[in-house]
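The following exercises concern a single protein chain and are each followed by a worked solution.

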Amino acid sequence: MKHSLAKIFSKRQDTATVVIAEIGVNHNGDMDQAIRMIDQAKAAGADVVKFQTFKTELLISRHQPKMPYQVKTAKETNQFDMLKKLELNLLQHKKLIAYCRKTQIDFLSTPYDPESAALLVQLGLKALKVASTDTTNLPFLRYLRSLGLPLILSTGVSAMDEVECVMREFDKNYPLALLHCVSNYPCPLGELNLRCIRTYQEKFGRPTGFSDHSASLDVGAFAVCAGARILEKHFTLDKNASGPDHAASLTFAELKDYIGQVRKVESLLGDGQKRITKSESQIKPHMQKSLVAKRPLKRGKILREADLWTMRPATGISPLAVDMVMGKRLKKKKGRFEQILLRDLEDA
């Protein structure tokens, strides 16, 4: 795996979200268009571009009707005719992989059958994406498991008991990432259920993300707030183009905005480690307090809690050390509200 895909499965918690720009079949079978989309994904800030690898004859029956959302977005009369012209052959795969390598963006694809998976292995892919259509496809998942490659599994149109059944097929050390997903195009915002991302993390202990089919540009950032380490988002050159996914995809400008919001929220979330920030370090002495004498104290005084007060600035002894100070003897007298310093103290 290249850097972006490799860090999904790294044991080191990386704060950067891996953004997968889903080209899918939005290239419309046009290689020039596919190349332009790779360029735009890179320019928008994506880490990975993802395609789809399939043999239509092995995927769907010849007269399968289109899904409801596809009726408005594709002119073909059935799914078979719609998908057949969107297949990528071996030579096209090689060209796209080489171009991604040149462009320095990771190439990923979703195989829909064992033959397609074998092709991707032959082409040197080190990870595979599994579509929601195969979340419950145990025979295919077992085949993919036998390949030993890291898998990124979308879980749209699946209930938790189905996901649990699938997860029992994989050893806890198998490199498998889960994507929460709602498989409607576009998905109604009220059905996003982003808390499921945390549920997956807590229940399965796997790298977890979100395959985002909403039409909103800020959902990716919200998903990162909910714990997503991986985001997948469709994009297109033309929302009005004929094809199953164009209408629910982002344009280049929208994808750039989407990723920009993700990166902004990452910077806001930080790494979760509490520390004094660079800007706070200048403020700390002025904002916090030091131990001072509550009233005039004579030399030789044994300090008790009633003798002490706290005041700004924090240039003396921190109030956190009050227990250490009590019971010590003053080596010099102190005026009211005068700081008590370590050099002023000795053991009683």
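**Exercise 1. Locate L144, and determine whether L144 is buried or exposed.**

Solution. The model is a predicted one.
- Step 1: L144 belongs to helix α8.
- Step 2: The relative accessibility of L144 is 0%. The cut-off for a buried residue is under 20%, and L144 is therefore buried.
- Step 3: Leaving aside residues up to four places away in sequence, L144 touches A117, L128, V130, L151 and Y174.
- Step 4: T103 stands 41 residues from L144 along the chain, and 28 Å separates the C-alpha atoms of these two residues.

**Exercise 2. Describe the sheet: in which order do the strands lie, and which are the edge strands?**

Solution. 
- Step 1: The sheet is open and consists of eight strands, in the order β3-β2-β1-β8-β7-β6-β5-β4, with parallel pairing.
- Step 2: β3 (106–111) and β4 (128–130) are the edge strands, since each of them pairs on one side only.
- Step 3: On average, neighbouring strands are turned by 25° against each other, direction ignored.
- Step 4: Helix α8, spanning residues 138–147, packs on this sheet and touches β3, β4 and β5 (151–154). The direction of α8 makes about 165° with that of β4.

**Exercise 3. Describe how α2 packs against α12, and how α9 packs against α10.**

Solution. 
- Step 1: A pair of packed helices is described by the angle between the axes and the distance between them.
- Step 2: For helix α2 (residues 31–44) and helix α12 (residues 252–269), the axes come within 9 Å and cross at roughly 30°. This crossing of α2 and α12 is right-handed.
- Step 3: α2 contributes Q40, A41, A43 and A44 to the contact, and α12 contributes F252, L255, K256 and I259. By class, six of these residues are nonpolar, one is polar and one is charged.
- Step 4: Helix α9 (residues 160–167) and helix α10 (residues 195–204) pack at about 40°, with axes 12 Å apart. α9 also passes α10 in a right-handed crossing.
- Step 5: M160, V163, E164 and M167 of α9 meet T199, Y200, K203 and F204 of α10. The contact of α9 with α10 comprises five nonpolar, one polar and two charged residues.

**Exercise 4. Characterise E266: is the residue buried or exposed, and what lies 2.4 Å from a polar atom of its side chain?**

Solution. 
- Step 1: E266 is situated in helix α12.
- Step 2: E266 has a relative accessible area of 13%, so E266 is buried.
- Step 3: The backbone nitrogen of T17 is 2.4 Å from a polar atom of the E266 side chain.
- Step 4: The side chains of E266 and R263 make a polar contact at 3.1 Å.

Note on methods:
Residues are numbered from 1 along each chain as its sequence is written. This is a predicted model: local features need pLDDT of at least 70, side-chain atom pairs count only at pLDDT 80 or more; totals for chains, interfaces and linings use all residues. Side-chain values use heavy atoms; hydrogens and water are left out. Axes are lines fitted to C-alpha atoms, for helices over the stretch in contact, and angles run from 0 to 180 degrees between N-to-C directions. Helices (H or I, at least four residues) and strands (E, at least two) are DSSP runs, numbered from the N terminus. A crossing is left-handed if the near helix is turned anticlockwise from the far one by less than a right angle, and right-handed if clockwise. Contact means heavy atoms within 4.5 Å. Ala, Val, Leu, Ile, Met, Phe, Trp, Tyr, Cys and Pro count as nonpolar, Asp, Glu, Lys and Arg as charged, and the others, Gly among them, as polar. Two strands pair if DSSP finds at least two bridges between them. Buried means under 20% relative accessible area, exposed over 50%, partly exposed in between (1.4 Å probe, protein chains only). A polar contact is a pair of N or O atoms within 3.5 Å; within protein, one must be able to donate a hydrogen and the other to accept it, and residues adjacent in sequence count only if both atoms are side-chain atoms.
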